[in-house]
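Colleague: I am new to this structure and would like to learn how to read its side-chain features. Could you take me through them one at a time?

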Amino acid sequence: MLDVTDLRRYTDEPASTFDRRVNRAGPLNYLALSGGGAGGAYGAGVLNGWSAAGTRPEFSTVSGVSTGALIAPFAFLGPAYDATLRDIYTSGIAGSLLDSPNILNVFFGSGLFGNTRLRELIARYVDQDILAAIAAAHARGRRLFIVTTNLDTQRTVIWDMGRIASIGSSEALSLFRDVMAASASAPMIFPPMLIDAAAHGNRFQEMHVDGGVTAPVLTLPEAFLLRNATLTRGPHTNIYILINNKLEREFLLVPSSTVDIAVRASASATKTLTRSILYETYDFARRNNFGFNLTYVGRDTPLSSSSGFETNEMRALYQYGYDKARAGELWAKAPPADELLPSGVRSRKSPTLH
């Protein structure tokens, strides 16, 4: 069993616990990939279109959460893996993730769908050759992080995937895949991942789920965002934040059903937390003279509100992201401002009093 102590950090640790050494010359480019389920097709399209435009930089750091965790290793390795990203989200393989739901699992299991298809998808694309390539990039000072939520401790975990890859063993490959699967395991949809750990001489299994439960996107650890931190002058840093979802608030008359209310409530909480992180990151970037670059799915773009992975929808979203990046119409320099939404529309039936 691998000792995971030095293979991860928690976002709420003091700033002094994070390695801020820079081993690279020139500007630093940080790519943060958010969650968003099937919306990951947007991120795959953006990266492919960005490559086609000839303006995509090499990233010194990449972080991924949830569907962003499935993208992150290939975004980290560069345009040579663009075809892999396109295949994941447009070939139909992602559409198989939610085949054959079992309603009994909601009551007697830990997820509506099993995680066999998810693990198979990851194993299909992540092998020892991928680990070797990531380890080589890690040795040159580049960093790849994937985020999970530890349900046992209720903490956000940042896994150093380059350090895991550098171990190079079959156990390391298994842990690498498990972390990716855990980050993409939305509660109630997929079962949690159990990761072996040890503390105080005892061995046990930690329960990890979707990183988006606590951090829809990882820009910087809390120690930097929440304490008005400033950094000593170093190479110029550009932060690129790719949100695989919509950010602008939308008006919708929610049907009075348990499922619709639960879905809308969850989406509202995620959107609010994401916007909060973006404003904190924007403020941090201004204080430290970082470049702030944000892209997200536009308000008028069709995007399923369900957790389904519909292939045709993903292909359309992939093309939307590709075209936007290819045309150079991608990056906003600030988070979206709040806009007034319609209210007081009497369309939902209300009981009549007699």
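Colleague: Which residues form a nonpolar patch on the surface?

Modeller: This is a predicted model, and in it Leu 151, Leu 194 and Met 207 make up such a patch, their accessible area together coming to about 230 Å². Leu 151 belongs to the loop that runs between β4 (143-150) and β5 (155-160).

Colleague: Is Leu 151 buried, partly exposed or exposed?

Modeller: Buried means under 20% relative accessible area and exposed means over 50%; Leu 151 has a relative accessible area of 40%, so it is partly exposed.

Colleague: How many aromatic pairs does the structure hold, and how are the planes of Tyr 282 and Phe 292 set?

Modeller: There are nine aromatic pairs. Planes over 60 degrees apart count as edge-to-face, and because the planes of Tyr 282 and Phe 292 stand at 70°, with ring centres 5.2 Å apart, this pair is edge-to-face. Since Tyr 282 is in helix α10 (residues 258-288) while Phe 292 is in strand β9 (residues 291-297), the pair ties together parts that lie 10 residues apart in sequence. Tyr 282 is partly exposed, at a relative accessible area of 22%, whereas Phe 292 is buried, at 6% relative accessibility.

Colleague: Which residues form one aromatic cluster?

Modeller: Trp 50, Phe 59, Tyr 240 and Trp 331 do.

Colleague: And where does the charged end of Arg 142 sit, and that of Arg 155?

Modeller: Arg 142 has its charged end over the ring of Phe 76, 4.2 Å from the ring's centre, and Arg 155 has its charged end over the ring of Tyr 10, 3.9 Å from that ring's centre.

Definitions and conventions: Residues are numbered from 1 along each chain as its sequence is written. This is a predicted model: local features need pLDDT of at least 70, side-chain atom pairs count only at pLDDT 80 or more; totals for chains, interfaces and linings use all residues. Side-chain values use heavy atoms; hydrogens and water are left out. Rings of Phe, Tyr and Trp (its six-membered ring) pair if their centres lie within 6.5 Å; planes under 30 degrees apart count as stacked, over 60 as edge-to-face and the rest as tilted. Helices (H or I, at least four residues) and strands (E, at least two) are DSSP runs, numbered from the N terminus. Buried means under 20% relative accessible area, exposed over 50%, partly exposed in between (1.4 Å probe, protein chains only). A charge sits over a ring if NZ of Lys or CZ of Arg is within 6 Å of the ring centre and within 35 degrees of the ring normal. Patches are made of residues with over 30% relative accessible area and no salt bridge: like charges are joined within 9 Å, nonpolar side chains (Val, Leu, Ile, Met, Phe, Trp, Tyr) within 5 Å. Accessible areas come from the Shrake-Rupley method with a 1.4 Å probe; for residues, only the protein chains shown count as cover. A salt bridge is a side-chain nitrogen of Lys or Arg within 4 Å of a carboxyl oxygen of Asp or Glu.
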